[in-house]
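Please open the structure in your viewer and keep the selection panel at hand. The stops below are meant to be taken in order.

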Amino acid sequence: MKKIILLLLLTVIMSCKYNKKNDSDSKNTLSDFKPESYELRNNNIKLIKGQVIYLPIYSNIPHFMDSIKIDMSAFIAFHNTDFKNTIKLQQVQYFDTKGELVKDFLLEKTIVLGPLETTNFYVPYKDQSGTGANFLIEWKSDSLVTEPLVESITINTKMHNCVAVLSSGKVIKETK
């Protein structure tokens with residue numbers, strides 16, 4: 001198993017080096033991004049002005065065979081999927097399993113994301129918020145925009161075997 005993981009890791013590293021060489025060549029052939037060049041095939045795309053999104057995070061996962069908890073770190077990504085309009089992150093709050101606020105990531109400021117821009121947040125291994133930990137993320141826009149993509153990957157790579165969980169946000173309030 002270790003040989004397979006090592007082989008995969010070497011393949012990724014070599015592919016990154018190969019892509020870096022080709023990146024410098026491709027920069028000369030890049031053109032400006034033109035949103036109108038994308039033809040929408042589905043006219044039923046939902047356009048909205050804001051949401052509150054619930055995003056589960058698994059800070060510690062019980063390991064039933066050893067009666068221990070596996071500590072996890074979490075990486076949260078918020079993607080503005082709109083081609084033309086900005087999105088403002090109003091609140092990004094992190095709660096533990098009991099629903100108690102652990103951290104407010106914005107504290108009276110907002111983050112403005114331009115078209116197709118992404119921001120992220122991080123919860124470290126040392127966090128002990130439990131299996132029911134979660135984020136509430138509120139965003140707004142002055143214009144109607146496409147729905148953003150909000151996901152997290154919770155991971156532990158410190159053990160003998162890697163443990164990872166991918167979560168998607170769930171809309172719990174919406175402004176149209």
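Predicted model: local features only at pLDDT ≥ 70, side-chain atom pairs only at ≥ 80, totals over all residues.

Begin by selecting M72, which is placed in the loop between β3 (68-71) and β4 (73-79). Is this residue, M72, buried or exposed? M72 counts as buried, because its relative accessibility is 1% and the cut-off for buried is under 20%. Next, show what surrounds M72: once its neighbours within four places in sequence are left aside, its contacts include Y58, S59, I61, P124, Y125 and T154, and also I155, N156, V163 and V165.

Now turn to the aromatic rings, of which four pairs are found in a search of the whole structure. Select F33 and F83, whose ring centres are 5.6 Å apart and whose planes stand at 90°, so that the pair is edge-to-face. Because F33 lies in the loop between α1 (2-26) and β1 (47-56), and F83 in the loop between β4 and β5 (87-95), this pair ties together parts that are 50 residues apart in sequence. F33 is partly exposed, at a relative accessible area of 43%, and F83 is likewise partly exposed, at 29%.

Move on to F105 and F121, an edge-to-face pair with ring centres 5.4 Å apart and planes at 70°. F105 counts as buried at 15% relative accessibility, as does F121 at 7%. Finally, display K103, which lies over the face of F105 at 4.6 Å from the ring centre.

Methods. Residues numbered from 1 in each chain as written. Heavy atoms only, no water. Helix = DSSP H or I, 4+ residues; strand = E, 2+ residues; numbered from the N terminus. Buried < 20%, exposed > 50% of the residue type's maximum accessible area, 1.4 Å probe, protein only. Contact = heavy atoms within 4.5 Å. Phe/Tyr/Trp six-rings, centres within 6.5 Å; stacked < 30°, edge-to-face > 60°. Lys NZ or Arg CZ within 6 Å of the ring centre and 35° of its normal.
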